[in-house]
Amino acid sequence: MALVLVTSALVLAPAAPAVAASAYLQPNDFCLDQCDDILPPGQNGNATLAEILAAQAFGLKPPHNADQIAKYNNLLSAYTGLTNEQIGQFYNDASFGVPASQVESTITPRSDVRIVRDKATGVPHIYGTTRGGTMFGAGFAGANDRLFLMDLLRHVGRGNLTSFAGGAPGNQALEQQVWRNSPYTEADLQAQVDALRDSGPRGQLLYSDITEYIAGVNAYIAQCMAARPVNCPGEYVLTGHLDAITNEGGPVPFKVTDVVAISGVVGGLFGGGGGAEMRSALVRVEARIKYGPVVGDQVWRAFREQNDPETVQTLHNGQSFPYGQTPASPSGTVLPDRGTAHPVPVVYNQTGGASAQTLTEQRRGMSNAVVVSGAHTTTGNPIAVFGPQTAYFSPQLLMLQELQGPGISARGASFAGVNLYVQLGRGQDYAWSATSASQDITDTYAVELCGDINSNVYKFRGVCTPMDVLRQDNSWTPTLADGTPAGSYSLITYRTRYGLVLWRGMVNGVPTAFASLRSTYRHEADSAIGFQMFNDPAQMGTASAFMNSAHNIGYAFNWFYVNSREAAYFNSGSNPVRPAHVDPNLPIAATQANEWTGWNPENNTAQYTPASAHPQSVNQDYYISWNNKQAKDYSASDGNFSFGPVHRGDLLDKKVKAGIANGQKLDRAAVVKIAEAAAHEDLRATSLLPLLLQILKPTGDPNVAKLEAWLNAGGRRTETSPGSKVYQHADAIRILDAWWPKLVEAMFKPALGAELYGSLTNALGVDESPSDHGQPHKGSAFQYGWWGYVSKDLRSVLGQPVSGPLAATYCGNGDLANCRNALLTSLTQAAGVPANQVYPGDGDCAAGDQWCADTIIHSALGGIGQDPISWQNRPTYQQVVQFPARRGDNIANLAHNKSASASSTQFLTSHTPGKAVDANDGTRWASSWSNNQWLKVDLGSAQSVKRVILNWESAYATAYRIEVSTDNSTWTTVFSTTAGNGGTDNVQFNAVNARYVRMYGVTRATSYGFSLYEFDIYAK
């Protein structure tokens, strides 16, 4: 992907202008206490051997290991009445900086960088006087928080996790999945480094940044190994890499290629798209066998849902961005001979404790976003509640950090091991996040073999050419960390110029390898250029600048952005330009005529679609994304059959649409409530039970009544009370969980036949419930399933309108009575399945425990695990952001050091009024111990005032007013509340001119008076 720079030279962010001080807000922070985030379980992902043993024996966890998990979990039971003032109970303050009284520690690992950690969460705030120092600090802090996880990830990226960490089935599955998608030799990794270094100014800067970052990582390793006793992560001892007595061994120093290896893991798992042409082709083959070529292709196209007119879209105003469409007269398309195609294993020579391998790729398309433009918010500033669903681990794959240095100013989340930049978060006056887009950046080429079906020689441009053999030999023995019996295997992938060989089969009797070519393969590290730009204030000040930065990311992501005036969206990805005759939705013959335009097989580069061709928008009324379709004519990728009329994106879209209807305005709490309401809603219940009830309610079946009662209560998986671990309408939930796969089979299998039905279920799983037996306890649910097919078919049976119908009506062969009978029979069967079979239990949950089967469990990536939390379909890392101001606006604290007076001061104390305007969070004003007390600030002259921020001591007001005056005599109330809850109150009102501003405390929350650490006043 070509690098896109705004100017030929790198521009560093200008220094922020000096403004009147605040004890809590930094002069370059234009969010004014309106940015929050959360990332469970906690920041501290490192633990010494002693800490691990204490946690395992007594449940005593290190500081900041699990201090965000309760906040995250508790929102689920409290969101319905959420107010803006309560957001801080469930999220962290994501403001820049650390107030003086909240500093937990400060270190200077090198003379040009300082790392400050806050008491609340232990997040590192990294301040570099040089750019190199900032990068060094990021590496040092990252290792301090995630060293063992970083080590795991660099081994995953090289396919040798089991040799390093043990042969646990989860380790085997992860390294196999990554090796299938992103196998590399050490020379491949170094080639990416060399290419970056030679790619221009930003590439050179990136190389320098990585070098300094690695130096910081290794400085931490040297420090933890030099300590006595050694205080490196205890997992090194438990896995046999460090002798706790002699101190021999320990972490191996990191190198630049480790960052590339980890980038391959992240990009391959979360930023890919396409490459499943074989799944689609096998459906088409079976459809043709059953119905003939013409009708069979109609059936295949209908189930494919490539351009379904009923599906939810992020850009919903009809914008068209054609990409990945089937040409009118395609040529070169290849279908395997029926019954000959089989996936190619990557595991060979298994011995001992080696598990059976999984040959099908796991889909990873997660994360969600709700962004509301300023036209529909109470303040006129856009609001975003967004974040990635990266599954749940302990420690988390992501870590929080703040980076401040030349050309970099950001706070947010980054993947461990590549945290030299904030990858999702906020800048000075903007914030950004992403969801997996999964558009088609991967094609499958049918490569003719020179020899039989097992040959490793193929034709490349007419010449028989040996395949590259990428091999990693792994072996393991039991350790204290992993008791898996000793075992070994070899990971082997065969690579052609046309990509990785994932399938083999026959095409018209000719032995063929089906190779997968991803545009970002051998280029995962390139995307760091875009992240570099995201962290640079000079590259992100406007929506246009944001889109330019995002276009430098080759991964397939949906990016969202807000500042004080603009909400924006851009779809990134190295979308290859294909010849006009090529259909990217099916395998294509591997000939030079069918190759990507401008493709260079030596380095896997090609011509990519320009930025203007990518879905994008500024200030649409709102944006939602939950891995749904991006825009009209932007094709669902080859193996994606899920963009139909029912999609989990509907859970967000319908709520936002209703929230802004008839001129309604939303505040931050309202947008949080929209996202959280969707987080425990059962998509099948709310979207499909209404149709099912229309058909089944006349039967009078008691199970139908149970389902209807649950639907009427909202169709959510909600506990009877917080912590009860029992769902409301538990039996209805059990019935639907048991019924859904039986329902789908009863509707479709009789008409389609076993072979076609089986190929379709291989292309699109029937269900993805919270208690998904294939990948339990992962949180993310309802992305892939047959809910769209069921919706279209039931509406056809009922005679209701259907746009883009299926090729036939399947339930009861289109007869309502027969369909009703099939549904009722399957429902009766499902109702009879006991809970211990619907929820069969696992190593964490007893059979029949419905709530536990749904729960989120943080998979342990170290020696310390976490307790299960309630299921919620929610981003792992989530931001709540709204910027009242932008660079150039006046964000001075107008109250700083101004004249302050009060109705009283606490007797015999120094808590005088001026202590509330001194920008010192260690001092405070306190009143006498009675109600009806006030604190007043004289601004010196009439000024525009729009906001006050009250930082309460524990003696806060439950009822108070904010009043303004121009003459110190006549007072106007601009805000009042009777529901004060202490902490920090950020009060915004319509701008007024005032010289005097006062807080009038009406009712105390305690027996003491009213007490404020700081009383800040702002014009924005």
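Modeller: The largest cavity has a volume of about 360 Å³. A cavity here is a set of points on a 1 Å grid over the protein atoms alone where a 1.4 Å probe fits but cannot get out. The volume is the space filled by probe spheres set on the points, which are joined across faces, edges and corners. Bear in mind that this is a predicted model: local features need pLDDT of at least 70, side-chain atom pairs count only at pLDDT 80 or more, and totals for chains, interfaces and linings use all residues. Residues are numbered from 1 along each chain as its sequence is written, and side-chain values use heavy atoms, with hydrogens and water left out.

Colleague: Which residues are the closest to the centre of the largest cavity?

Modeller: Val266, Phe415, Gln423, Phe531 and Tyr555, out of 29 lining residues. Lining means having an atom within 4 Å of a point.

Colleague: And which element gives the most to that lining?

Modeller: Helix 9, with five residues. Among the others that give two or more are helix 7 (201-226) and strand 23 (557-562). Helices (H or I, at least four residues) and strands (E, at least two) are DSSP runs numbered from the N terminus.

Colleague: What's the lining like by class?

Modeller: 21 nonpolar, seven polar and one charged. Ala, Val, Leu, Ile, Met, Phe, Trp, Tyr, Cys and Pro count as nonpolar, Asp, Glu, Lys and Arg as charged, and the others, Gly among them, as polar.

Colleague: How many cavities of 30 Å³ or more are there?

Modeller: Five.

Colleague: Switching topic: how many disulfides does the structure hold?

Modeller: Also five, taking a disulfide as a pair of cysteine sulfur atoms within 2.5 Å. In sequence order, the bonded cysteines pair 1-2, 3-4, 5-6, 7-8, 9-10.

Colleague: Are Cys31 and Cys35 buried or exposed?

Modeller: Both are buried, meaning under 20% relative accessible area, with exposed over 50% and partly exposed in between (1.4 Å probe, protein chains only). Their sulfur atoms are 1.9 Å apart.

Colleague: Why is that disulfide right-handed?

Modeller: Because the torsion about the S-S bond is about 90 degrees.

Colleague: What about Cys450 and Cys464, left-handed or right-handed?

Modeller: Left-handed, with -95 degrees about the S-S bond. Cys450 is in the loop between strand 16 (442-448) and strand 17 (457-460), and Cys464 is in strand 18 (residues 463-466), so the link ties parts 14 residues apart in sequence. Cys464 is partly exposed, at 43% relative accessible area.

Terms used
On a 1 Å grid over the protein atoms alone, a cavity is a set of points where a 1.4 Å probe fits but cannot get out, and a pocket is an open set with protein on both sides within 12 Å along at least five of seven lines; lining residues have an atom within 4 Å of a point.
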